Amino acid sequence: MGILYALLIGGLAGWLAGKIMKGGGFGALLNIILGIVGGAVGNWLFGALGIHISSGILGDLITGVIGAVAILFIAGLFKK
């Protein structure tokens, strides 16, 4: 069940990150995939830095969105 939860939160985070980036995205499907990767990256990075945003779904979603925005930004640099 943990994998399904991570995929759902990551997918939602990717979709939200695509909306936040406005034009920096890659389409809904790729944004969702990058959101899943970004959620993992954000979770790892915040854990390594000792940053704890919040617990539960909201904290996971915020962490995922921040990670997904970072991944979309970096991917956007290579898009051109």
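1. You'll find Gly-38 in helix α2. Keep in mind throughout that this is a predicted model.

2. What does Gly-38 touch, once residues up to four places away in sequence are set aside? The list is Gly-64, Gly-67, Ala-68 and Ile-71.

3. Now step back to the whole fold. The protein has 3 helices and 0 strands, and reading along the sequence gives you α-α-α. With a radius of gyration of 12 Å, close to the 12 Å that the globule rule gives for 80 residues, the protein is as compact as a globular protein of that length. If you want rough dimensions, the C-alpha trace spans about 35 × 25 × 15 Å along its principal axes.

4. Of the 80 residues, 32% count as buried. And if you take the contacts between residues at least 6 apart in sequence, 73% of them join residues at least 24 apart.

5. On to α1, which runs over 2–21. This helix has 20 residues and reaches 28 Å from its first C-alpha to its last, close to the 28 Å expected at 1.5 Å a residue. Its buried residues are Ile-9, Gly-10, Gly-11, Ala-13, Gly-14, Ala-17 and Gly-18, and they pack against α2 and α3. Just after α1, have a look at Lys-22, which takes a positive phi of about 40 degrees.

6. An α-helix has 3.6 residues a turn, so residues three or four places apart point the same way. In α1, Gly-10, Gly-14 and Gly-18 are among the buried residues.

7. How many residues does α3 have, and how far does it reach? The helix has 24 residues and goes 34 Å from first C-alpha to last, close to the 34 Å expected at 1.5 Å a residue.

8. Leaving aside neighbours within four places in sequence, Thr-63 is in contact with Gly-42, Asn-43, Phe-46 and Ile-53. Thr-63 also turns up in the lining of the largest pocket, which brings us to the next point.

9. The largest pocket holds about 220 Å³ of space. Its lining is made of Tyr-5, Ala-6, Leu-7, Ile-9, Gly-10, Ile-36, Gly-39, Ala-40, Asn-43, Asp-60, Thr-63 and Gly-64. The elements giving two or more residues to that lining are α1 (2–21), α2 (28–49) and α3 (56–79). Which of them gives the largest share? That would be α1, with 5 residues. By type, the lining divides into 6 nonpolar, 5 polar and 1 charged.

10. Val-41 is in helix α2 and, at 34% relative accessibility, counts as partly exposed. From Val-41 to Gly-18 is 23 residues in sequence and 16 Å in space, C-alpha to C-alpha.

11. Is Leu-49 buried or exposed? Leu-49 lies in helix α2, and it is exposed, with a relative accessible area of 56%; the cut-off for exposed is over 50%. Leu-49 and Leu-30 are 19 residues apart in sequence, and 28 Å separates them in space, C-alpha to C-alpha.

How values were computed. Residues are numbered from 1 along each chain as its sequence is written. This is a predicted model: local features need pLDDT of at least 70, side-chain atom pairs count only at pLDDT 80 or more; totals for chains, interfaces and linings use all residues. Side-chain values use heavy atoms; hydrogens and water are left out. On a 1 Å grid over the protein atoms alone, a cavity is a set of points where a 1.4 Å probe fits but cannot get out, and a pocket is an open set with protein on both sides within 12 Å along at least five of seven lines; lining residues have an atom within 4 Å of a point. Grid points are joined across faces, edges and corners, and a volume is the space filled by probe spheres set on the points. Helices (H or I, at least four residues) and strands (E, at least two) are DSSP runs, numbered from the N terminus. Ala, Val, Leu, Ile, Met, Phe, Trp, Tyr, Cys and Pro count as nonpolar, Asp, Glu, Lys and Arg as charged, and the others, Gly among them, as polar. The expected span of a helix is 1.5 Å times one less than its number of residues. Buried means under 20% relative accessible area, exposed over 50%, partly exposed in between (1.4 Å probe, protein chains only). Contact means heavy atoms within 4.5 Å. The radius of gyration is taken over C-alpha atoms; the globule rule is 2.2 Å times the number of residues to the power 0.38.
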